[in-house]
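This report describes selected features of a predicted model. Please consult the sequence and the structure while reading the sections that follow.

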Amino acid sequence: MAASVRGCSARSLRIRGRNDSGEENVPLDLSRDPADNLREILQNVAKPQGVSNMRKLGHLNNFIKLLCNIGHCEEKLGFTYEEIIICLRLALLNEAKEVRAAGLRALRYLTRDSSILQKVLKLRVDYLIARLVWFHNFLCLKPHCHSAV
């Protein structure tokens, strides 16, 4: 019986290629140890070079699939929440808005209770998110964001 993640079979998660958004379909083998999967995900998200933005996007989406599959058990994940948050916040600094959005989504899925939220706040990720929102709004207020009337 294949494991299911939001209507997708584990078999379909292993297919390589690209989907319509350009994101690389990064294989996620849910039969592997969750800690090994998470290690691979975090290593690829945290690498400053050598991993394309679309591949990072695929890994961030796999992070969410992994969380949905195994839950929020720190022991199963093999990393502390602080270590995970530190790696995920690097996605918020990426030049590609899709990777930044996936990083925010990953942090949202991770932050399921007040104890994890306290760790996010302790690591000052909230300030980083506020700066990202401000920067995005600043760019959209520039004249090139508006069409000519």
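## Cysteines

Cys 68 has a relative accessible area of 40% and is therefore partly exposed.

A disulfide is a covalent bond between the sulfur atoms of two cysteines. The predicted model holds zero disulfides.

## Helix 2 and helix 3

Two packed helices are described by the angle between their axes and the distance between the axes. For helix 2 (residues 34–46) and helix 3 (residues 53–70), the axes come within 9 Å and cross at roughly 155°. Helix 2 is therefore roughly antiparallel to helix 3, as angles over 145 degrees are counted in that way. The crossing of these two helices is left-handed.

On the side of helix 2, the contact involves Pro 34, Asn 37, Leu 38, Glu 40, Ile 41, Asn 44 and Val 45. These residues meet Lys 56, His 59, Leu 60, Asn 62, Phe 63, Leu 66 and Ile 70 of helix 3. Sorted by class, the contact of helix 2 with helix 3 has eight nonpolar, four polar and two charged residues.

## Helix 3 and helix 6

Helix 3 also packs with helix 6, and their axes come within 9 Å and cross at roughly 15°. Because angles under 35 degrees count as roughly parallel, helix 3 and helix 6 are roughly parallel to each other. Their crossing is left-handed.

From helix 3, the contact is made by Asn 53, Met 54, Lys 56, Leu 57, Leu 60, Asn 61, Phe 63, Ile 64, Leu 67 and Cys 68. From helix 6, the residues taking part are Glu 98, Val 99, Ala 102, Gly 103, Arg 105, Ala 106, Tyr 109 and Leu 110. By class, the contact of helix 3 with helix 6 has twelve nonpolar, three polar and three charged residues.

## Ala 106

Ala 106 lies in helix 6, which spans residues 97–110. The relative accessibility of Ala 106 is 0%, so this residue counts as buried.

Apart from its neighbours within four places in sequence, Ala 106 is in contact with Leu 60, Phe 63, Ile 64 and Leu 88. Ala 106 and Asn 61 are 45 residues apart in sequence, while their C-alpha atoms are 7.5 Å apart in space.

How values were computed: Residues numbered from 1 in each chain as written. Predicted model: local features only at pLDDT ≥ 70, side-chain atom pairs only at ≥ 80, totals over all residues. Heavy atoms only, no water. Axes fitted to C-alpha atoms, helices over the stretch in contact; angles between N-to-C directions. Helix = DSSP H or I, 4+ residues; strand = E, 2+ residues; numbered from the N terminus. Parallel < 35°, antiparallel > 145°, perpendicular 65-115°, else oblique. Left-handed = near helix turned anticlockwise from the far one by under 90°. Contact = heavy atoms within 4.5 Å. Nonpolar A, V, L, I, M, F, W, Y, C, P; charged D, E, K, R; others polar. Buried < 20%, exposed > 50% of the residue type's maximum accessible area, 1.4 Å probe, protein only. Disulfide = S-S within 2.5 Å.
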